[in-house]
Amino acid sequence: MTTARKKPTISLSPSRDIPFNQLVLSQSNVRRIKAGISVEELAEDIARRGILQGLTVRPVVDENGTETGMFEVPAGGRRFRALEVLVKQKRLAKTAPVPCVVREGGIAEEDSLAENVQRAPLHPLDQFRAFLTLREKGQSEEEVAAAFFVSVNVVKQRLKLASVSPVLLDVYAEDGMTLAQLEAFTVSGDHARQEQVFERLKTSYDKSSYAIRRMLTEGAVRATDKRALFIGTEAYVEAGGMVLRDLFEGDDGGWLQDVALVDQMVADKLKAESEAIAAEGWKWTEVAPDFAYGHTYGLRRLHGEPVPLTDDEGATRDALKAEFDRLVAQHESGDELPEEVDERLGELETALEAFDERPLSFDPEEIARAGAFIGIAGDGRLRVDRGYVRPEDETWVEPENSSDDEATDEGTSAGDNAGGADSDAVAEPEEDEGLSPISDRLMTELTAHRTLGLRHALGEHPDVAFRAALHALTLKVFYQYGSDSCLELDLKTVSFGAQAPGLNDSVSAEAIRARHESWTKALPKDSAGLWDALGDWDSDSRAALFAHVVSLSVNGVSEAWNRRPRALAHADQLANAVDLDMAARWSPTVDTFLGRVTKARILQAVAEAKGQRAADRIAHLKKGDMATEATTLLNGTGWLPEPLRTPGRDTVADMSAVELAVVERAEVADETAMADDDGIADDDDVAAMTIAAE
């Protein structure tokens, strides 16, 4: 008869409660490096909900192998230390029973190692969902944060991650995307939109979190956009608008999703502001969020007088200036300003600027024929440019000598009578008794001689000639209808018939506008005083004004109907002379370049800046997607299209084959790193905040 074979049995180590004062920490614990939450935080967690996992202990024996009644703890050392903290705080009795698993055989170090290695960390998604469950069961974000010793912002982030589309969460659970990518999808709460972008991401070269955020916010208005700053995000939200926010990266206030609402609120606010300004009596007002660059060309600017300070305002300004000077004097020898002093100086500067930038007052008669432009400045403030007179609204003064009797020789020029054959045919008027005025004819001849003499003399005095030219050109720029110069010089300013996107708010436009305003304040209000004022200035000031005035006449615009190859060649020479770097003033985007050229040109740009390999990776995309991807690739490279390049100045397009190879190798390294990134590194901080007790 065959005997049945007995199945092997497994004996588990017994568990028992052991008083805390009979436990000692073992030197066999393999954990040497602190990680995760602190012992103090673990102690608070045990005090709140009790110990969730017992200690692994071994009996302590004497030299003869006899048990001493004490037990060492080779596994669970952090829990032991947390209990020790509670005992020292007298929140736990020394004899309090501690649940323990008593081990006898094997190696103590193996117990400690196995307990830590065999434990599977909680997947981050499980923690996100657990936080959400606690929230749904009535715990506030603050309560959850306090229970797990994290900040409220961390709880908000975890809840936001749990609210992403279930489709994307399943992908993340299967390691189909990194934590950083999942974080990017939280920018939008629209699950359909998230899934749409995820499908688009599959065919995209750039799968970075930045690209995901950019795709999700396409069409939205950034909170830093001047329209959003003008109406205010709070007012937009109160009106029912939705703001997309990023809890994981700085988003500068987020994105305003309802563009139509933004535009309507901007229009309504501008209309209200314009009505108040029109009530000042201006003949006309023009209202728009943006005005084309050069929109004031051909209009005369009125020079108003600053509204004088009242006695109280003057006293306040003097007190602020005295405090500012005192603080500067006290800390000018120090290497660094104290924070409170720096903050106070900033407040004083702002207050003093408000006094210095007083509103201008205009003559009521001038207001009645002038107008104002009302728009939005680049920083979101209301921009009101008052006091512009159109040519048709000018009041022209009739010449003093307009009678027919005194206009006999009006049509004759000095050049026509500088010794012509028929000059003797014109009879001089008969001499009357007494002193009669010089005839117009004779006056013309005499001043013709004087003009030639003046030309010769001026040619021998370069400094005076420079001043005279500066005087004439300044009259043209700042006093459009002034005729106070005898120099037949003219200065034309191009008005840019075809406006480039954002031209009026560009870096260059803002700098020119600020410089022009500073000169306007420095020049006399009446053109009659300009000559003497220029004479009083030093040579550096005159040279700076001359450079500004001449710069306004530059026209390097290429237009199909106006072929000027030599002028454009001179623009290149001028750019070279001033070492013009357009990369600091312009960058290629979908709107400015990439979305308005062929796919071939997009690929050429990427190849020049990042190498042929980068261009090949986006060659399969559709035109719109290709332009978007190229914007990301070209960002920060300094690449410029040929019309913006300065001859003789190095650009990324001039890189050698060796340099491009280096760039391509860097791209390959980045791509490899991205492929190797399975999200584990991003999840370390989450794993450290799973369950507080070990």
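Colleague: What should I know about the model and its numbering first?

Modeller: This is a predicted model in which local features need pLDDT of at least 70 and side-chain atom pairs count only at pLDDT 80 or more, while totals for chains, interfaces and linings use all residues. Residues are numbered from 1 along each chain as its sequence is written, and side-chain values use heavy atoms, with hydrogens and water left out.

Colleague: At what angle do α23 and α25 pack?

Modeller: Helix α23 (residues 599–610) and helix α25 (residues 623–634) pack at about 20 degrees, and their axes are 10 Å apart. Axes are lines fitted to C-alpha atoms, for helices over the stretch in contact, and angles run from 0 to 180 degrees between N-to-C directions. Helices (H or I, at least four residues) and strands (E, at least two) are DSSP runs, numbered from the N terminus.

Colleague: How are the two described relative to each other?

Modeller: α23 and α25 are therefore roughly parallel to each other; that term covers angles under 35 degrees, with over 145 counted as roughly antiparallel, 65 to 115 as roughly perpendicular and the rest as oblique.

Colleague: Which residues of α23 and α25 meet?

Modeller: On the α23 side they are K599, I602, L603, A605, V606, A609 and K610, and on the α25 side K623, M626, A627, A630, L633 and L634; contact means heavy atoms within 4.5 Å. The residues of this contact of α23 with α25 comprise ten nonpolar, no polar and three charged. Here Ala, Val, Leu, Ile, Met, Phe, Trp, Tyr, Cys and Pro count as nonpolar, Asp, Glu, Lys and Arg as charged, and the others, Gly among them, as polar.

Colleague: Next, α14 and α15: at what angle do they cross?

Modeller: Helix α14 (residues 311–331) and helix α15 (residues 339–356) cross at roughly 145 degrees, and their axes come within 10 Å. Among the residues making the contact are L320, F324 and L327 of α14 and L345, L348 and F355 of α15. The residues of the contact of α14 with α15 divide into ten nonpolar, two polar and seven charged.

Colleague: And what about α4 and α7?

Modeller: Helix α4 (residues 124–136) packs with helix α7 (residues 166–173) at an angle of about 140 degrees, the axes being 9 Å apart. P124, L125, F128 and R129 of α4 meet L169, D170, Y172 and A173 of α7. That contact of α4 with α7 has six nonpolar, no polar and two charged residues.

Colleague: Moving to sheets, what is the strand order in the open sheet of four strands?

Modeller: The order is β9-β13-β14-β10, with mixed pairing; two strands pair if DSSP finds at least two bridges between them. β9 (284–287) and β10 (300–301) are at the edges, each with a single partner strand, so one side of each has no neighbour in the sheet.

Colleague: How does β10 join β14?

Modeller: β10 and strand β14 (residues 382–389) run antiparallel and are joined by two bridges. The bridge partner of R301 in β14 is Y388.

Colleague: Which helix lies across β9, β13 and β14?

Modeller: Helix α13 (residues 259–278) does, running at about 155 degrees to β13 (371–376).

Colleague: How many aromatic pairs are there?

Modeller: The structure holds ten aromatic pairs; rings of Phe, Tyr and Trp (its six-membered ring) pair if their centres lie within 6.5 Å, and planes under 30 degrees apart count as stacked, over 60 as edge-to-face and the rest as tilted. One of the pairs is W282 with F362, edge-to-face at 5.3 Å centre to centre with 75 degrees between the planes. W282 lies in the loop between α13 and β9 and F362 in the loop between β12 (360–361) and α16 (364–367), so the pair ties together parts that are 80 residues apart in sequence.

Colleague: Finally, which strands does β4 join?

Modeller: Strand β2 (residues 23–25) runs parallel to strand β4 (residues 67–75), with three bridges between them, and L23 has F71 as its bridge partner in β4. Strand β3 (residues 55–61) runs antiparallel to β4, joined by four bridges, and T56 stands opposite A75 in β4.
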